[in-house]
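Please open the structure in your viewer and keep the sequence at hand.

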Amino acid sequence: MYLVHAHLALPAGAHLPPGVRGLVRSAIVDGDRVEHVAVHPRSASRLTLGFYLLADGLEEAEERAVRVCGRLVGAVPQLAAARLTGAEVPLVPLAFEAHPVD
């Protein structure tokens, strides 16, 4: 399972619609292999989606997230003006760094 962060931005002056969580979830279908999605509004016009996806590799996971976002902005009228500004597995620096044992 992979966590992919997808970042959406609305044009200047636009605002995220009420109920954005439900709108995002409505665009997910079984074939996307999304196990969970976390919705994080960053401002009135910016949104980060955390997709927990099943995939055979990192690249496939990122591609799935991009595909879901494409469907989201293409099929949900309230988000039609949004644009995807990035989708990637977040890096967690030093989280898994090996520490020498004394």
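Begin by selecting E60, which is partly exposed, with a relative accessible area of 23%; by definition, buried means under 20% relative accessible area, exposed means over 50%, and partly exposed lies in between (1.4 Å probe, protein chains only). The model is predicted, so local features need pLDDT of at least 70 and side-chain atom pairs count only at pLDDT 80 or more, while totals for chains, interfaces and linings use all residues. Residues are numbered from 1 along each chain as its sequence is written, and side-chain values use heavy atoms, with hydrogens and water left out.

E60 and R64 are separated by about one helical turn, because they are four residues apart in helix 2. Helices (H or I, at least four residues) and strands (E, at least two) are DSSP runs, numbered from the N terminus. R64 counts as buried, at 11% relative accessibility.

R33 is partly exposed, with a relative accessible area of 33%. The backbone of R33 also deserves a look: R33 has a positive phi of about 60 degrees although it is not a glycine. With R33, E60 and R64 displayed together, one network is seen, joined by salt bridges that share partners.

How many salt bridges does the count come to by this rule? The count comes to three. To see another of them, select R71 and D32, whose side chains meet at 2.7 Å, N to O. R71 lies in helix 2 and D32 in the loop between helix 1 and strand 2, so the pair ties together parts that are 39 residues apart in sequence. D32 is buried, with a relative accessible area of 4%, whereas R71 counts as partly exposed, at 27%.

**Helix 2**

Now select the whole of helix 2, residues 58-75. At 1.5 Å a residue, its 18 residues should span 26 Å, and the end C-alpha atoms are 26 Å apart, which agrees; the expected span is 1.5 Å times one less than the number of residues. Colour the buried residues of helix 2, which are A61, E62, R64, A65, V68, C69 and L72. Seen down the axis of helix 2, these buried residues fall within an arc of 155 degrees, so they line one face of the helix; the arc is that of the directions from the helix axis to the C-beta atoms. On the other side of helix 2, E59, G74 and A75 are exposed.

What covers the buried residues of helix 2? The cover includes strand 1 (2-9), helix 1 (20-26), strand 2 (34-41), strand 3 and strand 4 (83-88).

From the cover, select L53, found in strand 3 (residues 46-53). Is L53 buried or exposed? L53 is buried, with a relative accessible area of 0%. Leaving aside neighbours within four places in sequence, L53 is in contact (heavy atoms within 4.5 Å) with M1, Y2, V4, D32, R33, V34, A61, R64 and A65. Next, display H36: the C-alpha atoms of L53 and H36 are separated by 7.3 Å, although these residues are 17 apart along the chain.

**The strands**

Select strand 1 together with strand 3. They run antiparallel and are joined by eight bridges; two strands pair if DSSP finds at least two bridges between them. One place to look is L3, whose bridge partner in strand 3 is Y52.

**Confidence**

Finally, colour the model by pLDDT, the predictor's confidence in each residue, from 0 to 100. The protein averages a pLDDT of 88, and 89% of the residues score at least 70. Confidence is lowest in helix 1, at a mean of 88, and highest in strand 1, at 95.

Conventions. Salt bridge = Lys/Arg side-chain N within 4 Å of Asp/Glu carboxyl O.
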